[in-house]
Amino acid sequence: MKLYKKKLENSLKKMYGFEDALIVGSGFLANTALVSALAGHNDLILMDEEYHASGIAALELSKAKHELFAHSDAREFEERLKNTKANRVFVFVESVYSMIGDILPLEIIEIADKYGAYLVIDEAHGHGVIGAHLGGIYDYYGIAPKPRHIKMGTLSKAIGSYGAYILATKEIISFLINRAKPVIYSTALSPIDVQLANKRIKKIAKNSKSLRKKIDERLSLCSEILQKNFLTPIIMIETKNAEKIHARLSK
């Protein structure tokens with residue numbers, strides 16, 4: 001099992017340009033591990049208000065002060081960073097927001113780098129979906145990860161297996177292995193899940209050109225039918241009759 005796990009971790013870190021990788025039981029556990037373990041008493045967690053529920057729920061487990069900032073609002077985000085007196089700041093954002101389908105603005109990444117914040121990007125809905133080579137947000141913007149960047153994502157969704165991964169520096173991965181309770185006290189993935197994920201990741205990379213074309217064709221069709229431009233397969237349709245729809249679905 002350790003051999004399969006290490007092979008998958010090596011595939012992920014080489015493919016996405018990070019020093020080290022860690023396989024976790026699920027995306028929910030990965031977010032809980034990162035939010036609860038990374039920041040300390042004198043640190044600050046800045047989280048986008050539309051961040052995944054797993055991250056929002058984990059805030060109460062952290063020893064750090066935490067604040068939500070308006071969704072993808074670069075101006076407010078920079079003001080928070082500029083005025084904080086925290087020792088360290090950990091920023092949590094998604095590459096593709098799971099309930100809306102919009103893409104993380106490049107400006108948010110640049111501002112986090114400018115102020116030396118640690119940037120956690122949840123790629124659960126970005127990996128295998130956005131970017132010329134379907135590599136997620138770094139591929140989409142053509143940028144390289146930096147030492148204070150942390151990338152996490154699921155092995156389900158586009159990959160079609162189970163579990164999750166965290167990519168970061170060797171120091172951060174080592175810290176999580178030794179301090180993050182969702183990593184220490186949860187069951188490891190089965191060899192089948194690990195092997196399937198490794199094969200699927202490589203398959204996506206190898207066939208990224210044809211897969212990119214298929215995704216774009218389907219997005220174009222949705223845009224044509226719904227008369228709205230879509231950048232990702234997550235399509236939010238607004239309605240003024242939410243209560244009526246909910247009542248009908250509840251019957």
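User: Which loop holds Leu 134?

Analyst: Happy to start there, and note that this is a predicted model, where local features need pLDDT of at least 70, side-chain atom pairs count only at pLDDT 80 or more, and totals for chains, interfaces and linings use all residues. Residues are numbered from 1 along each chain as its sequence is written, and side-chain values use heavy atoms, with hydrogens and water left out. Helices (H or I, at least four residues) and strands (E, at least two) are DSSP runs, numbered from the N terminus. In those terms, Leu 134 sits in the loop between strand E5 (118–122) and helix H6 (137–141).

User: Is Leu 134 buried or exposed?

Analyst: Buried means under 20% relative accessible area, exposed over 50%, and partly exposed in between (1.4 Å probe, protein chains only). Leu 134 has 1% relative accessibility, so this residue counts as buried.

User: What is the phi of Leu 134?

Analyst: Most residues other than glycine have a negative phi. Leu 134 is not a glycine, yet its phi is positive. Ser 72, in the loop between strand E3 (65–69) and helix H4 (74–83), also has a positive phi, of about 55°. For Leu 134, the angle is about 60°.

User: Which residues does Asn 42 touch, not counting those up to four places away in sequence?

Analyst: Asn 42 lies in the loop between helix H2 (27–37) and strand E2 (44–48). With a relative accessible area of 52%, Asn 42 is exposed. Contact means heavy atoms within 4.5 Å. By that rule Asn 42 touches Ala 86, Asn 87 and Arg 88.

User: How many aromatic pairs are there?

Analyst: Rings of Phe, Tyr and Trp (its six-membered ring) pair if their centres lie within 6.5 Å; planes under 30 degrees apart count as stacked, over 60 as edge-to-face and the rest as tilted. Counting this way gives a total of five.

User: What kind of pair do Tyr 51 and Phe 92 form?

Analyst: Tyr 51 and Phe 92 have ring centres 5.8 Å apart. Their planes meet at 80°, so the pair is edge-to-face.

User: Why does the pair of Tyr 51 and Phe 92 tie together parts that are apart in sequence?

Analyst: Tyr 51 is in the loop between E2 and helix H3 (53–58), while Phe 92 is in strand E4 (residues 89–94). Both Tyr 51 and Phe 92 are buried. Because of those places, the pair ties together parts whose separation in sequence is 41 residues.

User: What about Phe 90 and Tyr 118: how is that aromatic pair arranged?

Analyst: Phe 90 is in strand E4 and Tyr 118 in strand E5, so their pairing ties together parts 28 residues apart in sequence. Phe 90 and Tyr 118 are buried too. With 4.8 Å centre to centre and 15° between the planes, the pair is stacked.

User: How far apart are the C-alpha atoms of Leu 29 and Ala 164?

Analyst: Leu 29 belongs to helix H2 and is partly exposed, with a relative accessible area of 27%. Leu 29 touches Val 24, Pro 182 and Ser 186, leaving out residues up to four places away in sequence. Although Leu 29 and Ala 164 are 135 residues apart along the chain, their C-alpha atoms are separated by 8.2 Å.

User: And the whole protein: what share of its residues count as buried?

Analyst: The protein has eleven helices and seven strands. Its C-alpha atoms fill a box of roughly 50 × 45 × 45 Å, taken along the principal axes. Of its 251 residues, the buried share is 46%.
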